[in-house]
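This briefing summarises the architecture of one protein chain, as requested.

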Amino acid sequence: MRPTIVQFFKSYNFTKGLLISCAAFSAIAICYFFLNMTIGAGAALGVLLISASDIPGNKKHHLNGMLISLLLAITSFIIIHYTMPHVYLLVISLAVLVFINSYISVYGFRASLVAFSGLLAISLSFAHPLSGMDIWYNALYIIGGGMWYLLLSQLVGKLRTQQYSDQLLTECMELTSSYLKTRVASIAAKNRENALNKQLALQNEINEKHETLRAILLHQRQRSGGMYSKRKQLMLFIELIDIHEFAVANPLHYKKYDMGSQGFKKAVDEIAIAMNAIANRLQILSNRNLHQQKGMAPMSINELIVNCKMAIEKFKQEVDVKRYREEILQLRNLLDYTEKQHQKVTIIKRILTGTLTDEISERLKNRDRLKFITPQDYSPKLLLENLTLKSPIFKHSLRLVVTVLAGYLIGTFFSLQNAYWIILTIIVIMRPGYVLTKDRSQQRIIGTLIGGAIAVGIVLLTNNIFVYMGITFVAMTLAFTFVQQNYKASAVFITLTIVFVYAMLSPNTLGIIQFRVVDTLVGAILASVANLLLWPTWEKESIQSLIMEAIATNKAYLEEAKAFYHDKTELKTSYKLSRKQTFIAIGNLHAGFQRMTQEPKWQQQNLNRLYEIVVTLNSLLSATASMGTYIQIHHTTDASEYFDAYMNSIIDKLTYCEAIIHKRDFTPQNEPDLNQAKNRLAEIYNNLSAQRNEEIDAGQHAIKDELREQLKEVRIISEQLEWLYALCQNLHAGIKKYMEGL
């Protein structure tokens, strides 16, 4: 419990929340003692507006994003105030400003945060209407507060960036550990479907962490050279990527486990114990508890691996080797995988303890690292390309305009106190997708009710202004701490912050709580209804493109694995890039499918067929990664023409799947004879087996390493080729049925 609390207070999210609160309160305090509270309130608003876009990354984009967000906020603030006395002009300006600010989100995540600053300024402009020169004075106060926060942010910038990447790495290690455990749990799981769903969800989260870490670590490495802390973080990241790929490429086929002999299952279970211990060790390392032994295993991982080897040897002695050779080879391949994961986790421990070697450091000299960063296109053409109802952002912008206007008119018509809270709730809750908006609406309502109940209890106990100030500071800090990771908790603390800010200004605190709850309910209902009825964005509109992307990237990944089998001198950048893109594409497809399952039933088209496609594509990724990692960690022979024949046929099947989705004809140019390839590979294996049988008959029970590796290679590669081809056939049949059902 104690390490978790310490970790929370050391986290980036808490530091940012504390920075925002300190900046806002210090601005108010400075103005209170040396100027006046009006200036302080404006400066605090400036802090709030610019902090929304404060997220680490590319230093240039980070700084420009914050400055642009402040500019958008000031522009929106001034225009709203000048048009406020004229209802028709106000409605027009409100519509135009909401659309422009929200439409900026086409430029990605950072742009969406910049846009939020402008939208926030629009809603808060209604809090205290101004006129004449007061508008410009308050605009200057807001700029002053924004620049004050910018200054403080830059002063602690390096610390926060280090915290941010450290936190992401910790989360990535925890997720990877959980993923390893789900793979182990799937071996003997009765309900593998649930285990698979957990794996897919974790895989998607890991992909998101990887993408963010690439943008931060690889870019910083390029700009700042070989700083020790950044080298350390980058090396951790590289090892975590490899661990994840090896985990996805887990070479055990679960059906073979189910159909295997009892001795085989016992040996697999022994290996599973070692795998689980490795996952636990990674979990321990994620908390930087480098010397903790409790919870890892009753013995060291090295001892567990020795037990695995003994279990394999025992199984080998108890059975007829000639009959159970395939099971023995599978066990040895599984043991190779486990030992490789143990090596990777050991390297992570050495990185964390600072015992680095030149061999590890050499991995950082790759000049192609920036190719792994997904660049954001900031071309003006992107704005024009999205001016269509096919664009989710364009539809979201239109929807937001209509909903904000409806919220404003409701608040005006019913003369609600603090009616701008309706607009604020709409802006905070509404997202391009139905599911996320629905979830945020529920969390916002629950959080507001809880926050309101807590506020009522505190108000009934005391009306001490110093207590209110302390609660406001703590609540504001926690509100910004949880805003990204737990929106319900954030809503609780946001409500407490707003209530006690007003409680210090007005004696009618209970009335404020009542209006806060009512306005939040109205805003949440409007947002949910609008996302359901106004130009809704459903997952069925984009799911086919996600399937296409998953197929195309997996096909490229297969081609890279094929090329690597031919040329094993070095793992090329193109292989790593194709691997990254495939993992991301499969993660996006699964995330889209999960969102579809939460949409209204009438929008779920062929959900069962779609699930089969998602599972098959994930298995295809696993099979491709399995082949790639096998070639990486074993000394293999030259690729044969029969291997190429199989691979070409597999790639053709995937191309055929793409053609079905595009509704076009496809005819392979040179369709190979797979039976010939399959028979030839089986013949090679049988010849090697016969050679080994002769040695056993002659009393040579100790097998030569070269012969063992050849046997393993032919059997494993042949099985993987057959598995890949079977998966492609299943995918072809599944896509065909799915398209016919539309």
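The points below are grouped by topic.

The model is predicted. The protein chain holds 28 helices and zero strands. Of its 742 residues, 54% are buried.

**Overall composition**

- Among contacts between residues at least 6 apart in sequence, 81% join residues at least 24 apart.
- The protein chain exposes about 34,100 Å², and carbon and sulfur atoms supply 59% of that area.
- The structure holds 12 salt bridges.

**Packing of α12 and α13**

- Helix α12 covers residues 262-286 and helix α13 covers residues 301-318.
- The axes of α12 and α13 are 9 Å apart and form an angle of about 170 degrees.
- Angles over 145 degrees count as roughly antiparallel, and α12 and α13 are therefore roughly antiparallel to each other.
- On the α12 side, the residues that meet α13 are G263, F264, A267, E270, I271, I273, A274, A277, I278 and R281.
- On the α13 side, the residues that meet α12 are I301, L304, N307, C308, A311, I312 and F315.

**Salt bridge between K344 and E239**

- K344 forms a salt bridge with E239, and the closest N and O atoms are 3.2 Å apart.
- K344 lies in helix α14 (residues 325-353) and E239 in helix α10 (residues 228-248), so this pair ties together parts that are 105 residues apart in sequence.
- K344 counts as buried because its relative accessibility is 9%, under the 20% limit for that class.
- E239 also counts as buried, at 1% relative accessibility.

**Salt bridge between K309 and E339**

- K309 forms a salt bridge with E339, with the closest N and O atoms 3.2 Å apart.
- K309 is in helix α13 and E339 is in helix α14, and the pair links distant parts of the chain, 30 residues apart.
- K309 counts as partly exposed, at 41% relative accessibility.
- E339 is partly exposed as well, with a relative accessible area of 22%.

- R595 forms a salt bridge with E539, the separation of the closest N and O atoms being 2.8 Å.
- R595 lies in helix α24 (residues 573-597) and E539 in the loop between α22 and α23, so the pair ties together parts that are 56 residues apart in sequence.
- R595 is partly exposed, with a relative accessible area of 34%, whereas E539 counts as buried at 10% relative accessibility.
- Salt bridges that share partners join E239, D242, E245, K344 and R579 into one network.

**Nonpolar surface patch**

- A nonpolar patch on the surface is formed by L63, L67, Y82, M133, W136, Y137, L140, I143 and M147.
- Together, these residues have about 840 Å² of accessible area.
- Helices α4 (59-83) and α7 (133-155) each supply at least two residues of the nonpolar patch.
- The largest share of the nonpolar patch, six residues, comes from α7.
- L67, one of the patch residues, is located in helix α4.
- L67 is partly exposed, with a relative accessible area of 37%.

- Most residues other than glycine have a negative phi.
- Phi of W535 is near 40 degrees, a positive value in a residue other than glycine.
- W535 lies in the loop between α22 (509-533) and α23 (543-566).
- E539 of the salt bridge with R595 lies in the loop between α22 and α23 too.
- W535 is partly exposed, at a relative accessible area of 35%.
- Phi of K663 is near 60 degrees, again a positive value in a residue other than glycine.
- K663 is placed in the loop between α26 (641-662) and α27 (674-697).
- K663 counts as exposed because its relative accessibility is 70%, over the 50% limit for that class.

Technical notes. Residues are numbered from 1 along each chain as its sequence is written. This is a predicted model: local features need pLDDT of at least 70, side-chain atom pairs count only at pLDDT 80 or more; totals for chains, interfaces and linings use all residues. Side-chain values use heavy atoms; hydrogens and water are left out. Patches are made of residues with over 30% relative accessible area and no salt bridge: like charges are joined within 9 Å, nonpolar side chains (Val, Leu, Ile, Met, Phe, Trp, Tyr) within 5 Å. Accessible areas come from the Shrake-Rupley method with a 1.4 Å probe; for residues, only the protein chains shown count as cover. A salt bridge is a side-chain nitrogen of Lys or Arg within 4 Å of a carboxyl oxygen of Asp or Glu. Helices (H or I, at least four residues) and strands (E, at least two) are DSSP runs, numbered from the N terminus. Buried means under 20% relative accessible area, exposed over 50%, partly exposed in between (1.4 Å probe, protein chains only). Axes are lines fitted to C-alpha atoms, for helices over the stretch in contact, and angles run from 0 to 180 degrees between N-to-C directions. Angles under 35 degrees count as roughly parallel, over 145 as roughly antiparallel, 65 to 115 as roughly perpendicular and the rest as oblique. Contact means heavy atoms within 4.5 Å.
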